[in-house]
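We will walk through its aromatic rings, one selection at a time.

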Amino acid sequence: MVAAPGENMRVNGDRLWDSLMDMAKIGPGIAGGNNRQTLTDADAEGRSLFKTWCDAAGMTMGVDRMGTMFATRPGTDPDALPVYVGSHLDTQPTGGKYDGVLGVLAALEVVRTMNDMGIKTKHPIVVTNWANEEGARFAPAMLASGVFAGVHDIDYAYSRKDPEGKTYGDELKRIGWLGEEEVGARKMHAYFEYHIEQGPILEAENKQIGVVTHCQGLWWLEFTLTGREAHTGSTPMNLRVNAGLAMSRIMEMVQGVAMGEQPGAVGGVGQVFFSPNSRNVLPGKVVFTVDIRTPDQAKLDRMRAKIEAEAARICEALGVGCSVEAVGHFDPVTFDPKLVDAVRNAADRLGYSHMNIISGAGHDACWAAKVAPSTMVMCPCVGGLSHNEAEEISKEWASAGADVLFHAVVETAEIVG
């Protein structure tokens, strides 16, 4: 039987919080959050600070050809596969201080606490900062972990363009974080990821810890609607080919499809581009992305089929051209039962209230689960708010989840001595 850490072993919550606040100084937003989008100068600065902290903790840093950072604390057995722990440092354009960052810096805090306590483990521990998890600048989300898991090839990843036409490959070189490691060459004993919930359930249920059992499947469907630009004041209603009207009807339809699959399904539109986007010109082109999610594979397949078929019918009726491209996807994920139990048992051992939860958002753990046993830990966030500069958690919430992460990781990495 693998020894578990004693219940008195806890991370340094103050140090974790200070690290979060120091990282938040890099790429500040305009309303108290962060704008540290992937492969920007701010991202490069955040990476450098993280490396400095890892160096100080005695870890060695590796970087792969996607720009993902791997900081290793050696184990006592040179043949034992590492336990990986991490998340991401990149943010949304108007992101919070905790989404992703908490998972990376809590993983660092696990190692710092092990150093403080003189803990040795059989398996190495690798603190990981996955590149381009958000997908805000370069779609799709979870791009680097997707290449790692063999879901995308690296040429596809390098060719992804931001709204200004800059490519992922060129920007990775520009900021100086193009590594030499082959992506996906590393093998994992296990993977853990700690994250804020990004939803309201844990706070509403007054639970400190979310034991994540599954992750919802997702489709991002990018629609391009082609109408005819025309003057909004002088074009008769019956002579319009209005791409904007078609978009609005599709948005309403998506709402109906998601409501028709309740419970446990969501759908909506968060990004729209009108062209020419002028007050008195009907749009000749509208590009928008439909986001649908559910942990039920049959529902996910059914929702996509309904939305694409009905969108085509709507556009045909209005004379609007319609094309759709899937720009993001993963199937529902069931996390490793043994690792899920390790998280649940750690919460019990530490006396933290907890509940099983399904992740509503996608995470790098979804792709890691394709190549290794994986799971997640979650803490509450105020009002369930995330992808927003007003995103907030408490120091106590952050520390409790980090304590659970510490116990589950150290137990899985097998204490020596």
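**A tour of the rings**

Start by selecting phenylalanine 70: this residue is buried, with a relative accessible area of 0% (buried means under 20%, exposed over 50% and partly exposed in between, with a 1.4 Å probe and protein chains only). Before going on, note that this is a predicted model, where local features need pLDDT of at least 70 and side-chain atom pairs count only at pLDDT 80 or more, while totals for chains, interfaces and linings use all residues. Residues are numbered from 1 along each chain as its sequence is written, and side-chain values use heavy atoms, leaving out hydrogens and water.

Now zoom out: the structure holds 9 aromatic pairs. Rings of Phe, Tyr and Trp (its six-membered ring) pair if their centres lie within 6.5 Å; planes under 30 degrees apart count as stacked, over 60 as edge-to-face and the rest as tilted.

Next, how are the rings of phenylalanine 223 and phenylalanine 288 arranged? Their centres are 5.3 Å apart and their planes at 10°, so this pair is stacked. Both phenylalanine 223 and phenylalanine 288 are buried.

Last stop: select tryptophan 219 and arginine 304. The charged end of arginine 304 sits over the ring of tryptophan 219, 4.0 Å from its centre (the cut-offs are NZ of Lys or CZ of Arg within 6 Å of the ring centre and within 35 degrees of the ring normal).
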